[in-house]
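Student: I would like to learn how to read a ligand site and the pocket around it. Where do we start?

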Amino acid sequence: MPITPTEKIWMDGELVDWADATVHVLTHTMHYGSGVFEGIRAYPTSSGVAVFRLGDHIRRLFASAKIFMINIPFTVDQIIDATREVVRVNGLNDGCYIRPLIYLGYGEMGLNPLPCPTNVSIAAWPWGTYLGDEGIKNGVSCKVSSWRRHDPNAVPTAAKGTGMYMNSSLAKVEAIKAGYDEAILLAPNGSVSECTGENIFIVRDGAIITPHTSDSGALAGITQNSIETIARDLGVEVRHEPIIRTDLYLADEAFLSGTAAEVVPIRSVDDREVGTGKPGPITVEVQQTYFATVRGEVDRYKDWLDHVE
Ligand code: PMP
């Protein structure tokens with residue numbers, strides 16, 4: 001997905017020109033994947049552009065940093081304000097994707113990250129839907145990856161650590177080379193964990209089931225949490241339960257969720273059609289309510305929107 005440059009990127013408290021937002025080749029995080037980051041979206045609403053669940057994303061950013069013992073030299077409120085500022089100064093009134101990154105900078109090398117300087121950047125740009133409009137509408141094909149999700153005792157799966165995404169990239173490349181849209185990763189114990197950058201759900205007998213994040217090593221997704229609330233409010237039962245590979249094949253419906261991907265039906269898994277192979281009714285209802293929610297069209301979820309002006 002190509003990036004469309006905008007004007008300014010926030011770096012360590014200052015707005016710098018897009019083209020000048022560069023780092024030295026000996027930046028620690030470039031070598032050891034020692035950063036943490038977030039992916040956030042802002043959407044147009046009838047009362048101006050609004051960032052979806054901004055506070056929750058920034059708190060998760062700080063939680064990721066805490067796990068890796070990175071001290072962010074700003075407060076949560078300062079990063080929230082900076083995020084709003086980036087959307088505002090770049091005039092991203094039609095919505096955008098926002099990428100805050102905490103990285104260990106230039107000046108130290110070696111595996112002890114503690115003496116490294118900590119840098120913060122926040123960039124934003126217009127970004128279409130991550131798995132494509134066709135996927136949103138008709139669903140994506142998935143392949144269970146030969147790569148396992150991390151063991152939470154090998155790397156902390158509760159964090160969005162930059163280096164951890166080598167695992168997602170391996171699975172993504174394998175799936176794409178094999179002709180699928182997305183990969184599904186199993187946890188070390190063989191149960192279903194999540195996709196490369198999305199949580200996974202199945203629908204069985206009218207209920208939504210999604211793996212428990214702490215058991216499965218999946219990230220506790222903010223979209224996943226939003227969907228759980230939306231589904232329950234729609235009267236749909238939601239359960240956190242372990243699921244196995246064949247549960248995917250035999251599900252009535254399946255879908256995935258993430259900030260970048262949004263809510264995407266899963267059409268097939270390992271060449272087996274899920275349900276009818278078309279987006280199912282519960283998936284579609286949840287998806288439509290999610291899209292209305294992020295655009296400020298559902299009153300009960302207006303607290304999730306953080307207006308930029
Ligand atoms: N799992 C992984 C591995 C992810 O990178 C993401 C994206 N942040 C998600 C799940 C979905 O999380 P969210 O809904 O908070 O974007």
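Tutor: Start with the residue classes: Ala, Val, Leu, Ile, Met, Phe, Trp, Tyr, Cys and Pro count as nonpolar, Asp, Glu, Lys and Arg as charged, and the others, Gly among them, as polar. This is a predicted model. By these classes, the lining of the largest pocket has 24 nonpolar, 19 polar and seven charged residues.

Student: How much space lies in the largest pocket, and which residues are closest to its centre?

Tutor: The space in the largest pocket is about 1100 Å³. It is lined by 50 residues, and Phe37, Gly39, Tyr97, Arg99 and Lys160 are the closest to its centre. Helix 5 (residues 165-177) gives the largest share of the lining, five residues.

Student: Where does the ligand sit?

Tutor: The ligand takes up the space of the largest pocket. Its shell has 16 residues, of which Tyr165, Glu194, Ile222, Thr223 and Thr259 are the closest. By class, that shell has three nonpolar, eight polar and five charged residues.

Student: Which elements each supply at least two residues of the shell around the ligand?

Tutor: Helix 7 (222-233) and strand 14 (253-258) do.

Student: Which side chains have a polar atom 2.5 Å from the ligand?

Tutor: For a polar contact, look for N or O atoms within 3.5 Å of each other. In the side chain of Tyr165, an N or O atom is 2.5 Å from a ligand oxygen. The side chain of Glu194 has an N or O atom 2.5 Å from a ligand nitrogen. For Thr223, a polar side-chain atom lies 2.5 Å from an oxygen of the ligand. Of the 380 Å² of accessible area that the ligand has on its own, the protein covers 96%.

Conventions. Residues are numbered from 1 along each chain as its sequence is written. This is a predicted model: local features need pLDDT of at least 70, side-chain atom pairs count only at pLDDT 80 or more; totals for chains, interfaces and linings use all residues. Side-chain values use heavy atoms; hydrogens and water are left out. A residue is near a molecule or strand if one of its heavy atoms lies within 4 Å of it. A polar contact is a pair of N or O atoms within 3.5 Å; within protein, one must be able to donate a hydrogen and the other to accept it, and residues adjacent in sequence count only if both atoms are side-chain atoms. Accessible areas come from the Shrake-Rupley method with a 1.4 Å probe; for residues, only the protein chains shown count as cover. On a 1 Å grid over the protein atoms alone, a cavity is a set of points where a 1.4 Å probe fits but cannot get out, and a pocket is an open set with protein on both sides within 12 Å along at least five of seven lines; lining residues have an atom within 4 Å of a point. A molecule sits in a cavity or pocket if more than half of its atoms lie within 2 Å of its grid points. Helices (H or I, at least four residues) and strands (E, at least two) are DSSP runs, numbered from the N terminus. Grid points are joined across faces, edges and corners, and a volume is the space filled by probe spheres set on the points.
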